[in-house]
Amino acid sequence: MGEASAPECGRSGGSFLRALERHWARAGFGLDGKPAEAAWQCLGRALGRDSPGDLLCGYNLISISDLQSQQREPCCSLLTWSSEKFNKWVHENEGLLPNQRVLQQMHLILFGYLTNERPGEKDRQADGSLYVQDNTGILPCELLHFKLDWLGCLLLFPSWAFIPQREQYVEILEDPIPVIPGPEKTITIVPVFYPGSAAQLLNDRILLLFRPRCKQQGKLNVAGELIRLSNILHMHHKTFFFLFLKCFHSASCVPILVQKPSHLVWRHVLQLGHRYILTDLKISCLKTSEINIFITSSSSNLQLYCVEHMKEQFLDNATERNLAVSISSMTSALPNAILDIKEKDKIAVPCRKTRMMSYTGTITHVLNAQAGLFELDSKFILCLAYQQLLNFGRGLRPGACIQLQDAHLVQDAVAISPSILGTCLHSTVVLKSFSAYSTLHQPITYFKNVYIQLLLRYNISLPFYRWVVSLLETFQQRFSYFIPCQQAVSAAKKFIVPVLESLGLSRKQERNVHLEILTEPHSCPIEQNASLEPPCQIPPFSVLYRMIEKHYWESFSPLHQLSSTSEHHNTQELNHKLDWSYCNFSPESFHPPIVLLGVLECSRRGYLKLQDRYKALPCVIFHKDGRPFAETSLLGCLLQVKIFQFIVEQFHQCNVSSCQQLETHTHVKNKKTRIYVQFFFEDAKIIYTPEEEVPKGPTLFENRNAENPTIKENTLSGVKGNDTSAAEHKSSDVLNKGRTKPEACMPEHSVDSSYVSRLFLVTQKEGLSQRNYLSRSEGKREDGQAAPLCFQVTVLWMNKPELCKGPVENASHMISPIERTNEGHTNVLLLFQQKSLRWFTFLHPDHMYQLIIPECLDLGVFDKLCSSLEPGCLLNSLNGSLFLPVPDAALLHHVSQISKPVSPVMEQKLFSIEEILSVRFTGSLVSFSGEVVERHLCESFTGRKSRTDTQQKASPLSLDWTVKLSISPAAASPFWLDVYIEASFLPYLLGVLPGAKIIFQNMQRKMSRFSNVYCTYIASSCMCILTPPLNSLPYRHLALTSVLSGVHLYNVALQPPTPYQVEVTCHVTCVLFLSLSWTCSICNSAFIEGRCSQNHPTCLSHTGVSNMNAKILVEDGTSEFAVSCKNQQVQKILSLSPKEWSIIESHIKSKGTIYIQPNQGRTEEPEDILAWYLRSLCRSPLVCRTIQLTFKLDRKFSRIQEAGPRQLRRFCSNELEFESHTRAAYNLLCLNIKEDT
């Protein structure tokens, strides 16, 4: 601190006297014109010397203004303390707060006047605060002990501490010393009532009839011991506090209301356990509760009780003019309670009460000053929120000691580790000592305090309030980086208020302040300590990731990821099915349920994400009507989502040889997890919309829609009628407010800056992939350097470039109507890479957008950008189109969706899957939509590849894999189309799950050697997920598709129902062959007697897989077919019970393999009883019987048989033989066998 302006005290004290005259002297305070000499003598009395000059060497006088302007750190001045006392004080506080240092000691002398009002603020509502004042300034102060004689007197403050902050104040460590001792008071005898008699007056209903006469005739004096004291409260434009005086020899006590502004300072004088006299009290009745109390009048005084200076009054002498009221003559008995409360004012007794206690402790930590939460002695949480602290909580710094009386101890609060001490209006909080540490004060303000507002509005209990505070603290920690402080309160309310409203808290009874303070036993929100079930939680995304992974592995079972036939798979097939699995969790999977809060932003890898301060959560957003999500105006908005699904995709490297090893996780290696969330936009609520930073560009007005009917207005509502979410109502306004930066790295722009914009219409979009584009500025790419990730979009310019300035609402220009012909529409290829990849999710064909170049005045900027790439640097031909790389700083705004094409270029047909499967289809690039029925991995059909570092980080799957999707037009459709996607494209495709509806664009149609049609995803392809899976099952099987029943085999022969599932009633003619074997799970060799039979090289596998196959011949009188059966289907054909089947499996395991052709004669050895039994069984009526068969066509062999030559077959009928050419029978695959009923 600079001390140049503070005069130093010498031996003579000359400079001290002159400084005191200049800064502190004020006429009219009894200093007789010699204030400097009196102050010098006061210093001598304080130090015990007549001439204090020797002891004051090094001390400096300080004024209030200098203290406020020059001192930046907390400090203390201990004028009367010896070094031994100071060291003892430091030693006593050592170890209490290990990370805090003790107050810095300064050698300063402070004089000032004590006052209870600020100069020039007499009209301001009094709050009982005290101030230190001199001619240079004024400072709030806090005292541990106060005397009314000090008001208006010039005082020396021998020991004090200064706390510099926005709310600066002084802590008075020792009693101040008056510069001029006050005169001795004259002693008068005061007639008083003791609380016992005074309480009877309050309860006497007859006396209330004479209240007007009592007001005119006299007032009462009451003496007693102070047992309870409330804080100073400000409610309904009145400031007041209550005190309770107790009788010395009984339990009777009376309440006294102090509300005169000049009397509020008494709150600093009163000390619990001391005896006082209050004079000139009146009896009054509170209107809200009709409780009789004493109130102070303008002539009331507060005096210390002295038995020699008082005279006790009795009831018979209470009133003048012989108005004697005898208690014995009362016809009705007095109530037992001191205060009589009407039945309607009583509050219902809560189901569980807290424990009341008194406690003295030290504040060790300020948890949340605005919420009134402190830590006491490192073991209790102190909650002062249910009280009012009009002095901003001055003095409540870490290290301060406080005394609590009638505090509530909450020991069973849910999710709270330490017990909570809560103080209500019935409690008393007394500051016993100030902190010795250099800790700053955190002021408690009530203006725009969201914690106190919610507490008072909903009257919530303490455990629930603690949960609300933790929720708001998490909200502030996560989003203070995105939301300005002045808007954070409003955003927090939008989130928390609906949660409280949903719990019915708005219907709770209003808090009755008078009843809470006056009644005994009292009822308050803290007392109503019902058990708490938090309705939700909003963990940070960094914590959320750990919660989801933990929940996943607790519920993860590899067996659940496999089908019922997995026990018959070998090692390779088994591990392939486990390499990529997924599961989903709803918010209710966690306790309490999770509510998502996040700022919507774009990733540079082309996906959307919800962002908080710590981490980002990838997300996929849908519309309920199936429209692709394209609302660019929501970037930067804080969204709240209650209905969603967490998707956890696990990428494993498993090394299991049988299903039995999957009971533990020891065989699951190299676990990689991809977590994201998917939800409908209509289920999202906008909590906060950022202020406009970059102008959004003009929208299409209503008259343009009338001129051009091909444009339909862009609305965010996906559902017609009144069934809309809050987000839908708010989003239309969001579209007109512009959008803000989606990433922190995006440069800010002023709303008054100029920009150039141009409309374009997307006609074709290609997916994210690594393309070998090379700009002129980059030069040649080094060998081995990976090609950049990018995507390209073919668009049509819909208007000429326009120069705009300022926000859209103030723009006077309008976009010219879009022409219906293609004249003037230029075809352009837009290239997005690096930072512009963030627009990938929002761009869709048949949608119109506005491309904005911020801070630009050149209308020819788009033409100049088209020449920034050399044509020779492109690997692919641009077909004569203009080529424009989108700058990183460019912005996009979604304008509308086009209902029908405005140009022949846009006429890109969306084929049906049935058309693509047709043999007459000739197209090579197709676009279609459908639902994912099955998804599994298969080996890449392009061979093994080496991956770059970028691909290694992006893709959790090996590039040696290809994902096979079975796509069906609908859930119950009989058609499906196989789609193959290489693993290199998968890192950029979220939401590819069974049950999801996807639109595929520019897929390459191919035909296999078996004439089966399939499609592959190539570099020019693109896909967009329109809707998520509707069910919560991890997999959807083909059994969910429709089954065609009630047909004959003849109909199947005429028109093969690829890929129908058909159910027919037929007869098993014979068993063509039966093959039962056990094979090694690794090398597929014969597995005999528990070991693999392969010897060169030796296979050490000890796990075998059962492979049971049979082919049967069935007919229904119209046609005949061969049917292939596997595993459990063979058991059903042979009509074997589970026990019989188990015995046969055990015999096969010891033998290895049995192959039977029942119609080819006997080939087995005579001693092979099992083979003989099976052949006999195949010929018996137990097998050759009528069954209900569900099957599908074997697509691998049916087309070959269809193209083969006709066969000459012989038929017998009534001893006559016929020969006829017949078509080769189709091969059918058995799906299920049921007995004919």
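1. A crossing is left-handed if the near helix is turned anticlockwise from the far one by less than a right angle, and right-handed if clockwise. By that rule, α9 and α10 cross in the right-handed sense.

2. Some ground rules: this is a predicted model, where local features need pLDDT of at least 70 and side-chain atom pairs count only at pLDDT 80 or more, while totals for chains, interfaces and linings use all residues. Residues are numbered from 1 along each chain as its sequence is written, and side-chain values use heavy atoms, with hydrogens and water left out.

3. On confidence: mean pLDDT (the predictor's confidence in each residue, from 0 to 100) is 76 for the protein chain, with 71% of residues at 70 or more. Residues 317-352 stay under 50, and the model gives them 54 contacts (heavy atoms within 4.5 Å) beyond four places in sequence. Where pLDDT is low, the predicted coordinates should not be read in detail.

4. Back to the helix pair: α9 covers residues 450-458 and α10 residues 462-479, at an angle of about 145° with axes 11 Å apart. Axes here are lines fitted to C-alpha atoms over the stretch in contact, and angles run from 0 to 180 degrees between N-to-C directions. Residues making the contact include Ile 452 and Leu 455 of α9, and Val 468 and Leu 472 of α10.

5. Aromatics: the structure holds 29 pairs (ring centres within 6.5 Å; planes under 30 degrees apart are stacked, over 60 edge-to-face, the rest tilted). Phe 240 and Phe 242 pair edge-to-face, 5.9 Å centre to centre with 85° between the planes. Ring pairs also link Phe 585, Phe 590, Phe 644 and Phe 646 into a cluster.

Notes. Helices (H or I, at least four residues) and strands (E, at least two) are DSSP runs, numbered from the N terminus. Rings of Phe, Tyr and Trp (its six-membered ring) pair if their centres lie within 6.5 Å; planes under 30 degrees apart count as stacked, over 60 as edge-to-face and the rest as tilted.
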